Amino acid sequence: MTTVFHPLVKRFLDGELNLADLPPELHAEARAAERLLGAVDRAPVTLPAALDARVMSAVRRRASAPARRWWQRLAEPWEIRVRLRPWILGPALAAAAVLVLILARSQPPVPAVAVAAAPESVYVRFVLYAPGAHRVSVAGTFNQWDATTAPLAPAGAAGVWATTVALPVGQHQYAFLVDGRRWVNDPAAPMVDDGFGRRNSVVAVTAGAAGARAL
Amino acid sequence: MLAGDIEQYAELVHRYRDRYARFAARMLGSVDEAEDAVQDAFIRAFEQLRQCRDPDNFAGWFFLILRNRCLAERRRVARAGPGPEAVVVPAAEQADGPLVQEERRRALQQALLELTPEQREVFVLKHVEDLSYEEIAGRLGASIPSLKMRMHRAYDRLRERLKDVL
């Protein structure tokens, strides 16, 4: 007996087709699909009332931590108000113009070719040595950790897998998924804590000619 | 609120504590683990409150934090190795009585945990939370074809895993 659903039965499971839309030879398979969906547990889940207190206790501890208060002072935008009297506007503009002239003379001329718009994305090549693997993919913050969108292909030497992905400029966390079940970090890249006790590889994509670079 | 007012945050916690609890429970396989995940996600959300660009959509933003927490936990479990095999009692020859249905429900929940976290996520959002592909795509920022591909692979893996009870 085959253990994969017929494509039409998958559309039936997706709610796109009714049983009457399927040919009679697929009705038994569709009933198995119905039993599958019938077994889905949709019962609501209510968490214990003590959860609120535990969360708020932790939040209050964090909010009152000295390090957090200092960080907030540094990270919060400051509002600066400047009040100018009309009679001082003329001398102030003249001083600003003189300052601009002095700074402009002290800077070497910039060639026009350097003024190029930053590209929105850069091609990054991911390579993993995984001998014995049957399939490898890369997932990360750039594809919402969807391991199906960026598969690696065997590349040259035995056991070497590679793919090229266009990544937007910025910092991205990622990991390789080997054979659909084993997560492997990139041994050639730095790692960061993911905030939940694990570590992810990280790549910083810059707009320069070098493309991606290690942090 | 985004300035981190603690009392207002307590209201948000109370309002949204159960909203995604079922999603977390089905993703992680137990209410206890869901409770831990929701608690961690609320604390993390408070620490990152300034990054919530749309205060009117706190629920959607919080969902993504909770979802990432669930995916990270499942990756951690997957790295730690497979858990104990569930015992599936063949029920194909029996009538669909309450016991058979309960056994099938347990077998499905165990089989869901054996999917990849990404496949399980789509299955839970569509068939437990009853969202459409369009709604799931909007929440996760993924394309509908990639979601369908994940889902259809999940169907096949579930059928293979549950062939004795379906």
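I began with helix α2 of chain B and listed its buried residues: B:Ala21, B:Arg22, B:Phe23, B:Ala24, B:Ala25, B:Arg26, B:Met27 and B:Leu28. I took a residue as buried if 20 or more other C-beta atoms, placed from the backbone, lie within 10 Å of its own. Since 8 of the 8 residues of α2(B) are buried, the helix is largely enclosed by the rest of the structure. I noted that B:Gly29 follows α2(B) with a positive phi, near 95°.

**Conventions**

I kept in mind that this is a predicted model, in which local features need pLDDT of at least 70, side-chain atom pairs count only at pLDDT 80 or more, and totals for chains, interfaces and linings use all residues. I number residues from 1 along each chain as its sequence is written, and chains are lettered from A and ligands numbered from 1 in the order in which they are written. Helices (H or I, at least four residues) and strands (E, at least two) are DSSP runs, numbered from the N terminus.

I counted 8 helices and 0 strands in chain B. Buried residues form 40% of its 166 residues. I call two residues in contact if their C-beta atoms, placed from the backbone, lie within 7 Å. Among the contacts in chain B with a separation of 6 or more, 66% join residues 24 or more positions apart.

Beyond its neighbours within four places in sequence, B:Ala24 contacts B:Ala34, B:Ala37, B:Val38, B:Leu66 and B:Cys70.

**Helix α8(B)**

The buried residues of α8(B) include B:Leu147, B:Met151 and B:Leu158. I found that its buried residues pack against α2 (27-38) of chain A together with α5, α6 and α7 (133-140) of chain B.

**Interface**

I recorded 53 residues of chain B in contact with 42 residues of chain A. The largest share of the side of chain B that touches chain A, 10 residues, comes from α3(B).

**Strands of chain A**

I took strands as paired where DSSP finds at least two bridges between them. Strands β1 (residues 121-129) and β4 (residues 160-168) of chain A pair in the antiparallel sense over 9 bridges, and A:Ser121 stands opposite A:Pro168 in β4(A). Strand β3 (residues 151-154) of chain A runs antiparallel to β4(A), joined by 2 bridges; here A:Ala153 stands opposite A:Ala162. In the hairpin of β3(A) and β4(A), with 5 residues between the strands, A:Gly156 takes a positive phi near 65°.

**Confidence**

I read pLDDT as the predictor's confidence in each residue, from 0 to 100. Chain A averages 79, and 77% of the residues score at least 70. Residues 109-118 of chain A have pLDDT below 50 and, beyond near neighbours in sequence, 2 contacts in the model. Residues 209-215 of chain A also stay under 50, with 16 contacts beyond four places in sequence. Where pLDDT is low, the predicted coordinates should not be read in detail.

Conventions
Buried ≥ 20, exposed ≤ 12 C-beta atoms within 10 Å, placed from the backbone.
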